[in-house]
Amino acid sequence: MKKIFAILMTICLLAGALSITAFAADEPVMTVSGMTKDGPVKIGDYTSFEAGWNFAMEKAKDSKYLDNNQYDRIVVDLFADWVANEEGVFGDDDGVGFPEDTIYIPEKARVMLNMNGHTIDRGLGDRNQFDGEVIYIDEKADVIINGGKSGDAIARADDTNATFGTITGGNNDGGAGGIHIQDDAKVTLNNVKIVNNVADGDYGAGIAVYDGAKFTMNGGGFINNKNNSFTATSFGIYALGGGIYIEDSTASFDNVLFEGNQFTYDSGSGAALYAYDSSVTMNKCKVVGNGKKKEADGTVGARSIITIEDGEMFIKETDFIGNGTLIDLYDGTANCLINVDTYIGTSQLSIDNCNFTQNNVGYIVFSASQDITVTNSRFTDNQSNVLDCNADCEACFTDCIFNNNTGMLSSDNYT
């Protein structure tokens with residue numbers, strides 16, 4: 001009798017375990033809502049990322065649906081990490097949400113994605129492919145991505161007490177390993193980390209922003225992204241953008257970390273950030289350990305950590321720490337931390353209340369003929385010269401501190 005009772009108890013326990021497993025499998029991984037003036041209104045729960053995202057994007061691109069329901073945008077909440085399959089596919093490319101197997105936000109769609117501290121991982125690793133980005137945002141889309149939980153304060157990615165959403169695992173032959181942002185899109189990231197993405201043969205390992213887009217990043221950061229682009233050095237063509245590439249757009253970074261973004265194969269420009277024909281603002285950011293040469297990691301150093309070409313950049317209350325490795329460049333010039341360049345237009349750089357320390361490049365600031373204004377900033381303990389500026393360049397340093405900057409040049413070509 002005891003044996004029969006024990007068997008019955010075992011069967012009951014197994015049945016209970018199976019029912020719990022089945023219940024867990026039916027738990028929603030995603031909720032889709034409509035944002036009204038009074039807050040989000042739930043439309044439906046989904047146990048499939050693919051089904052939920054396809055539905056959400058169908059509605060987000062339908063302006064009549066949004067207006068008829070008085071929705072400002074479609075809201076998607078994640079309740080689990082979203083990981084692509086072994087082939088790096090997020091969903092069937094027949095659906096509106098997954099052309100070319102990536103997570104797709106359609107043209108003119110209005111979307112809020114709440115990651116709630118979860119990770120979106122394409123999982124490509126070293127397997128580069130065309131359209132290998134994690135998220136593709138099409139023209140004129142209006143997108144907000146919140147990485148943390150509702151009510152979280154904005155925090156930089158090195159804040160260990162904060163919650164972040166993570167976008168990782170992209171490897172794109174077409175540039176933009178993490179997020180590809182197309183023409184005239186409006187995109188805001190709050191507490192989002194862009195980590196371990198790759199651009200292979202193109203620009204912007206973490207993010208690429210194009211043609212009239214408006215990009216805002218509050219908190220979070222770009223961490224350990226790699227640009228694997230080969231460079232045609234004999235033609236003066238280089239890989240551009242380890243963390244982010246910005247072209248003909250406006251970008252703002254507030255309390256953002258740029259850490260460990262690198263080039264492989266050949267030295268490129270803008271290990272942390274490259275901006276062409278754009279207006280860029282950085283406030284209270286931290287730029288550390290980018291553009292370094294490490295043979296064990298296959299990284300080769302960078303021509304520059306930040307480049308602004310034919311545009312304007314305003315940097316305030318930002319720390320630049322331990323960036324760069326002094327390298328010999330193909331054209332006989334020294335590499336630099338910030339390169340103010342011009343191709344067909346003019347460029348402007350303004351730096352206020354920033355710290356530069358322990359950087360190892362030829363020059364902290366390099367400019368051939370552009371306007372540079374630096375105020376209330378500190379240049380200490382750098383293995384670098386502070387400025388290279390020729391006769392056509394106007395550089396003004398006001399209320400700055402210079403201490404123990406020992407510029408070390410790697411060849412006799414430099415003076």
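The following is a conversation about selected features of a predicted model.

Reader: What should I know about the model before we begin?
Author: This is a predicted model, in which local features need pLDDT of at least 70 and side-chain atom pairs count only at pLDDT 80 or more, while totals for chains, interfaces and linings use all residues. Residues are numbered from 1 along each chain as its sequence is written, and side-chain values use heavy atoms, with hydrogens and water left out.

Reader: How many strands does the open sheet that starts with β4 have, and in what order?
Author: That open sheet has eleven strands, ordered β4-β7-β10-β14-β18-β22-β26-β31-β34-β37-β40, and the pairing is parallel. Strands are DSSP runs of E with at least two residues, helices are runs of H or I with at least four, and both are numbered from the N terminus. Two strands pair if DSSP finds at least two bridges between them.

Reader: Which strands stand at the edges?
Author: They are β4 (82–83) and β40 (401–403); each has a single partner strand, so one side of each is left without a neighbour in the sheet.

Reader: How many bridges join β10 and β14?
Author: Strands β10 (residues 165–168) and β14 (residues 192–195) pair in the parallel sense over four bridges. Within this pair, Thr166 stands opposite Lys193 of β14.

Reader: And what is the order of the sheet with four strands?
Author: The order is β11-β15-β19-β23, in an open sheet with parallel pairing. Its edge strands, β11 (171–172) and β23, each pair on one side only. Between β15 (residues 198–199) and β19 (residues 226–227) there are two bridges, in the parallel sense, and Val198 has Lys226 in β19 as its bridge partner.

Reader: Where is Ser267 found?
Author: Ser267 is in the loop between β23 (262–263) and β24 (273–276). With 11% relative accessibility, Ser267 counts as buried; buried means under 20% relative accessible area, exposed over 50%, and partly exposed in between (1.4 Å probe, protein chains only).

Reader: Which backbone oxygens does its side chain reach?
Author: The side chain of Ser267 reaches the backbone oxygen of Val300 at 3.3 Å and that of Gly301 at 3.5 Å. A polar contact is a pair of N or O atoms within 3.5 Å; within protein, one must be able to donate a hydrogen and the other to accept it, and residues adjacent in sequence count only if both atoms are side-chain atoms.

Reader: Turning to helix α2, how far does it reach?
Author: Helix α2 (residues 49–60) has twelve residues and reaches 16 Å from its first C-alpha to its last, close to the 16 Å expected at 1.5 Å a residue. The expected span is 1.5 Å times one less than the number of residues. At the start of α2, a side-chain oxygen of Ser48 comes to within 3.3 Å of the backbone nitrogen of Glu50.

Reader: Which of its residues are buried?
Author: The buried residues of α2 are Phe49, Gly52, Trp53, Asn54, Ala56, Met57 and Ala60.

Reader: What is Leu78 in contact with?
Author: Leaving aside neighbours within four places in sequence, Leu78 has contacts (heavy atoms within 4.5 Å) that include Phe49, Val29, Met30 and Leu113. Leu78 lies in strand β3 (residues 73–78) and is buried at 0% relative accessibility. The C-alpha atoms of Leu78 and Leu113, 35 residues apart along the chain, are separated by 7.9 Å.

Reader: How many disulfides are there?
Author: A search of the whole structure finds zero disulfides, a disulfide being a pair of cysteine sulfur atoms within 2.5 Å. For Cys285, the nearest cysteine sulfur is that of Cys354, 9.3 Å away.

Reader: Is Cys285 buried or exposed?
Author: Cys285 is buried, with a relative accessible area of 1%.
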